[in-house]
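Please consult the sequence and the structure shown here alongside the text.

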Amino acid sequence: MDLEDIKAALEAGKIDEARDCLLAIVESDPNETRAWLLLAGVAVRSEDWQLGARTFDALVALRPADCLASSGLVECLVKLGRNSEALAEIDRFASWADDRKSNDRIVLDEHKAIAEGIRRV
């Protein structure tokens, strides 16, 4: 299956089939950003936080300044109770963020609130 076929499978509700195909694609080509992006969507929709953490971690490695990849990774790590890793990602993204970009500012604010919540616990 190619990515267009996988998108069609997702639209048809064939989540497991699409997940398996996407996993096969990223295992054979770990730099296939489009497959990682689709897999991230599958992980979030299915609330598979372990898969989400793996997926967003790969996206952050491929696109370190991507605020949405960082936001997704932090969310998954917090859902898994991996708070020290979430804090590390918050710090890492802060060093890449461009506060002239509105999306980066939004994620920085989101990260600040999450970090404060983690530190209170």
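In this predicted model, Leu-3, Lys-7 and Leu-10 of helix α1 meet Arg-34, Ala-35, Leu-38, Val-42 and Arg-45 of helix α3. By class, the contact of α1 with α3 comprises 5 nonpolar, no polar and 3 charged residues.

**Geometry of the helix pair**

- Two packed helices are described by the angle between their axes and the distance between the axes.
- Helix α1 spans residues 3–11 and helix α3 spans residues 33–45; the two pack at an angle of about 15°, and their axes lie 11 Å apart.
- Because angles under 35 degrees count as roughly parallel, α1 is roughly parallel to α3.
- The crossing of α1 and α3 is left-handed.

**Overall fold**

- The protein contains 7 helices and 0 strands, and its elements run α-α-α-α-α-α-α from the N terminus on.
- The radius of gyration of the protein is 15 Å, close to the 14 Å that the globule rule gives for 121 residues, so the protein is as compact as a globular protein of that length.
- Taken along the principal axes, the C-alpha atoms fill a box of roughly 45 × 30 × 25 Å.
- Of the 121 residues, 40% count as buried.
- Among contacts between residues at least 6 apart in sequence, 47% join residues at least 24 apart.

**Setting of Ser-71**

- Ser-71 belongs to helix α5, which covers residues 67–79.
- Ser-71 counts as buried because its relative accessibility is 13%, and buried means under 20%.
- Leaving aside neighbours within four places in sequence, Ser-71 is in contact with Val-107, Glu-110 and His-111.

How values were computed: Residues are numbered from 1 along each chain as its sequence is written. This is a predicted model: local features need pLDDT of at least 70, side-chain atom pairs count only at pLDDT 80 or more; totals for chains, interfaces and linings use all residues. Side-chain values use heavy atoms; hydrogens and water are left out. Helices (H or I, at least four residues) and strands (E, at least two) are DSSP runs, numbered from the N terminus. Buried means under 20% relative accessible area, exposed over 50%, partly exposed in between (1.4 Å probe, protein chains only). Contact means heavy atoms within 4.5 Å. Axes are lines fitted to C-alpha atoms, for helices over the stretch in contact, and angles run from 0 to 180 degrees between N-to-C directions. Angles under 35 degrees count as roughly parallel, over 145 as roughly antiparallel, 65 to 115 as roughly perpendicular and the rest as oblique. A crossing is left-handed if the near helix is turned anticlockwise from the far one by less than a right angle, and right-handed if clockwise. Ala, Val, Leu, Ile, Met, Phe, Trp, Tyr, Cys and Pro count as nonpolar, Asp, Glu, Lys and Arg as charged, and the others, Gly among them, as polar. The radius of gyration is taken over C-alpha atoms; the globule rule is 2.2 Å times the number of residues to the power 0.38.
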